[in-house]
Amino acid sequence: MPTASITLTSADIAGDPVNVSKTSTCYKADSTTPLDQTNGLQKLILTTSADTIIYDAGNATAALGIGKNAKVFIRNASTVTTEFITVLVNATPIGKLYGGQWLFMPWSQNDTAADIKVTASAAGKDMVVEHMLMHEGYFND
């Protein structure tokens, strides 16, 4: 059963110490059945600062089907904290991941233009991005 866990702790982010820990089970749409498919953890090496599609929503819609549930994991594997990747959904930047940072988010394939893309901050360098799609249905892209 796939689960995602996050723990946030800080002594100085607010007036009082912060300590939050949450776990979420990844279920199929409208169900208590856990997600049971993944494309596995993949590694992508970005060598240019051009947008690179890691998940094509048009392919996902055809393969997974409208209204299916999917979760995406993306990690900037760089050890250089000033190097970042920008994560985009279609043409909209949703944020930057600096060296060692990651994200875990839901992904809806209902919009065939909702491709997930990454862009490297440093052209001419080999920036490693790890990513994985957890989903229901069949998807091999």
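**Aromatic pairs and their setting**

Analyst: Of the 141 residues of this protein, 36% count as buried. The model is a predicted one. The protein has 1 helix and 11 strands, and along the sequence they follow the pattern β-β-β-β-β-α-β-β-β-β-β-β. Among contacts with a separation of 6 or more, 72% are between residues 24 or more positions apart. The protein exposes about 7900 Å², and carbon and sulfur atoms supply 51% of that area.

Now to the rings. A pair of aromatic rings is described by the distance of the centres and the angle of the planes. A search of the whole structure finds 3 aromatic pairs. One of them joins Tyr55 and Trp107, with 6.0 Å from centre to centre and 45° between the planes. Tyr55 belongs to strand E5, residues 52–55, whereas Trp107 lies in the loop between E9 and strand E10 (116–120). The two residues are 52 residues apart, and the pair links distant parts of the chain.

Are these two residues buried or exposed? Tyr55 has 0% relative accessibility and so counts as buried. Trp107 has a relative accessible area of 5% and is therefore buried too.

Another pair consists of Phe84 and Tyr98. Its ring centres are 5.2 Å apart, the angle between the planes is 55°, and this pair is also described as tilted. Phe84 lies in strand E7 (residues 84–89) and Tyr98 in strand E8 (residues 92–98), so the pair ties together parts that are 14 residues apart in sequence. Tyr98 has 32% relative accessibility and therefore counts as partly exposed.

Strand E8 also contains Gly95. With a relative accessible area of 30%, Gly95 is partly exposed. Leaving aside neighbours within four places in sequence, Gly95 is in contact with Ile85, Thr86 and Val87. Gly95 and Ile85 are 10 residues apart in sequence, and their C-alpha atoms are 8.5 Å apart in space.

Which residues lie nearest its centre? They are Thr3, Ala4, Ser5, Trp102 and Phe104, out of 14 lining residues. Strand E1 (3–10), strand E2 (18–25), strand E9 (102–106) and strand E11 (127–135) each give two or more residues to this lining. The largest share, 4 residues, comes from E1. By type, the lining divides into 9 nonpolar, 4 polar and 1 charged.

Ser10 also lies in strand E1. Leaving aside neighbours within four places in sequence, Ser10 is in contact with Pro17 and Val18. Ser10 and Val20 are 10 residues apart in sequence and 9.4 Å apart in space, C-alpha to C-alpha.

To return to the request, the pair of Tyr55 and Trp107 links distant parts of the chain, and the pair of Phe84 and Tyr98 ties strand E7 to strand E8.

Notes
Residues numbered from 1 in each chain as written. Predicted model: local features only at pLDDT ≥ 70, side-chain atom pairs only at ≥ 80, totals over all residues. Heavy atoms only, no water. 1 Å grid on protein atoms, 1.4 Å probe; cavity = no way out; pocket = protein on both sides within 12 Å on 5 of 7 lines; lining within 4 Å. Nonpolar A, V, L, I, M, F, W, Y, C, P; charged D, E, K, R; others polar. Buried < 20%, exposed > 50% of the residue type's maximum accessible area, 1.4 Å probe, protein only. Contact = heavy atoms within 4.5 Å. Areas by Shrake-Rupley, 256 points an atom, 1.4 Å probe, with all protein chains shown as cover. Phe/Tyr/Trp six-rings, centres within 6.5 Å; stacked < 30°, edge-to-face > 60°.
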